[in-house]
Amino acid sequence: MAENEPGQDPKLPEDARLASLDERLQKAQADEAERTGRNRKAADSSEQLGNRVLSYLIGGMLGGAAIGWALDQLFETSPWLLLIMLFLGTAAGFWNIIKLSNRRP
């Protein structure tokens, strides 16, 4: 009857090659999960808040600089509009951070 049933015969010992293969497969799956970041823990609220603050600062500066540069090219007022818009973008970034810090949790 054992010939008709799938799986190993319980009377026979487990093949050492299969056990070794299972161990290597589990190790390879764990290594792949680590490499692709699937087993990484989720970001906590402090990390998310820090990323948001950093994006406000960088976004304000880069956005202001890009708009200022474009306006300088359009009106040929180099570098004055770039500097003014860079300053305004930085101020807007800090203003957003202040508003974020004044929110109640």
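Reader: What pattern does the chain follow along the sequence?

Author: Read along the sequence, the chain follows the pattern α-α-α. There are three helices and zero strands in the chain. Helices (H or I, at least four residues) and strands (E, at least two) are DSSP runs, numbered from the N terminus.

Reader: What kind of model is this?

Author: This is a predicted model, in which local features need pLDDT of at least 70 and side-chain atom pairs count only at pLDDT 80 or more, while totals for chains, interfaces and linings use all residues. Residues are numbered from 1 along each chain as its sequence is written, and side-chain values use heavy atoms, with hydrogens and water left out.

Reader: At what angle do α2 and α3 pack?

Author: Helix α2 (residues 45-75) packs with α3 at an angle of about 160°, and their axes are 7 Å apart. Therefore α2 is roughly antiparallel to α3. Axes are lines fitted to C-alpha atoms, for helices over the stretch in contact, and angles run from 0 to 180 degrees between N-to-C directions. Angles under 35 degrees count as roughly parallel, over 145 as roughly antiparallel, 65 to 115 as roughly perpendicular and the rest as oblique.

Reader: Moving on, where is Thr90 found?

Author: Thr90 belongs to helix α3, which covers residues 80-101.

Reader: Is Thr90 buried or exposed?

Author: Thr90 is buried, because its relative accessible area is 19%. Buried means under 20% relative accessible area, exposed over 50%, and partly exposed in between (1.4 Å probe, protein chains only). Of the 105 residues of the chain, 10% count as buried.

Reader: Which backbone oxygen does the side chain of Thr90 reach?

Author: That of Leu86, at 2.8 Å.

Reader: And which residues is Thr90 in contact with, leaving aside its neighbours within four places in sequence?

Author: Thr90 is then in contact with Gly60 and Met61. Contact means heavy atoms within 4.5 Å.

Reader: What is phi of Glu76 near?

Author: Phi of Glu76 is near 55°, a positive value in a residue other than glycine. Glu76 is also found in the loop between α2 and α3.

Reader: Is Glu76 buried or exposed?

Author: Glu76 is exposed, because its relative accessible area is 72%.

Notes. A polar contact is a pair of N or O atoms within 3.5 Å; within protein, one must be able to donate a hydrogen and the other to accept it, and residues adjacent in sequence count only if both atoms are side-chain atoms.
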